[in-house]
Amino acid sequence: MTASVLLAGCDTDQVSLATNAKANQPVPPKLLAAMVEKDMDLQSPILVRLFKQEAELEVWKQARNGQFALLKTYPICRWSGDLGPKVREGDRQAPEGFYSINPSQMNPQSAYYLSFNTGYPNAFDKALGRTGSQLMVHGDCSSRGCYAMTDEQIAEIYSLGRESFFGGQKAFQLQAYPFKMTPVNMAKHRNNPNMPFWKMIKEGYDHFEVTRQEPKVDFCEKKYVFDAAKPADAKRDPVFDASAKCPAYVIPEDVVAAVRGKQAKDEAEYAKLVAKGTPVARMNTGIDGGMNKIFAAKIPEGSTGLSEGAEGTTLQMLAMAKAPGTIPGHVNPPKPNLDSVASAPAPQEEPVVAVSAPATSARVATAAPAEKSGGFFSNLGRKMGMGSSDTTATTPPPQATASVAPATTTTTPPTAASRLKAAVTRFVPGHDKSKEATKEAAKDAPKPAVAAKPAEPAKPDTRLAQTRPALKPSVSDGAGEATQIMGAAPVISSNSFDSRFGAVK
């Protein structure tokens, strides 16, 4: 089959069905064992949920009791943009909302190993005039508006989707969220302008949480509608149009009751969190997307960006863990958008003001005597003759100016960087600012004198990041995961895409 050439970025994926060795890798033995344990059939339906902030992809599978259960959670290697829905072509945003994936959206000949198209824009997106195309979930850990996994991960996810289609599932649902829709996360992001949209898709999140069934999704009046059914006296099912008025419909009473109960509990918890002053998450950080902590720990100068790690877990703690797949050498961890950072106002530093020691009502922080095994700066200060008893400094509130600080101003001990700077200026001719300040204090006592220049923060030491060795490829974390041997001929099973979906183009 001849591959068509599409646009750059995620658009290079071909969306026609084909058969090859990558697309026909078997489901790994570990997953098969997990299915047996959870009472699932290999070819039962699946459902996928994505979370940007947690940088996780969940694969849910229908058990024999008819409900969906979580089969496996995959850390997302890379996603781009910000928290919030995709609005226009080229905004680097990964989509948020509810989408449907059918066999024609599976791409075994992807330029990013394997992929499937999210189906963005859906009817809701189109009703709002949102634009964009070929937004994928794919491998290669590189994102320009997509959700990128490692090649080993997407091979597993692809195989699960393939088997569900072999079992008769016509399409599986993809639910994409900014974060897990918990009261804590809703409280943290309560000032975000996307909150009305997030509350709307949380309705579908809640439907799935209480029923463990794939929610039926419709659109009308430019909004989502979940699990709508025809009224008892209706002769036919309601017809929905994303841009038109909503038709008459009902939602099953048992679903309504369960959803309302969950939402009442969530809202009560949300109110408590807001009342006790839960901090609001920062917005417009200028950081492009996120990365799961397990991948950030493997990359020199790696960062999770807009994603968050689990509490108590640091990148250093994860550095020895095995990565779930091979991380390509060209991986680009999340970094601040330089244009956005340059246009943002610079943070104001609080000036450090020197005061005379005799002021009786002032709280003066004196440098503590150095320990016997003192650090570098302590030893340097003693060698230069800097005593600890006559070193004082206070930090006034941000609104303080160059005027004399009041005697009641609280104080903070000088930093090592400020003591070193004072030592240098003391022994450089013409730059003895501390002596001048002392003379002024003696003349105008008991008024304190003001240091002419605030202390500068110490520059971070980047030598470690520069000298770290180049990243070596990691291996898959799953025993029995299929890998493609170079030069091996494709092995096509009898229930391949070619035999079952050859008519779908």
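Okay, let's start with a word we'll need: a residue is buried when its relative accessible area is under 20%, exposed when that area is over 50%, and partly exposed in between, using a 1.4 Å probe and protein chains only. What we're looking at is a predicted model, where local features need pLDDT of at least 70, side-chain atom pairs count only at pLDDT 80 or more, and totals for chains, interfaces and linings use all residues. Residues are numbered from 1 along each chain as its sequence is written, and side-chain values use heavy atoms, with hydrogens and water left out.

So, the overall picture. The protein chain has 505 residues, and 43% of them count as buried. There are 14 helices and 14 strands; those are DSSP runs numbered from the N terminus, with helices being H or I and at least four residues, and strands being E and at least two.

Now let's zoom in on helix 3, residues 151–166. From first C-alpha to last, its 16 residues reach 22 Å, close to the 22 Å expected at 1.5 Å a residue. That expected span is 1.5 Å times one less than the number of residues. Is helix 3 largely enclosed or largely open? Well, 15 of its 16 residues are buried, so the rest of the structure largely encloses it. Just after helix 3 you'll find Gly-168, with a positive phi of about 110 degrees.

Last stop: Asn-192, in the loop between helix 4 (183–188) and helix 5 (195–211). Asn-192 is buried because its relative accessible area is 11%. What does Asn-192 touch, leaving aside its neighbours within four places in sequence? Trp-198 and Met-283, where contact means heavy atoms within 4.5 Å.
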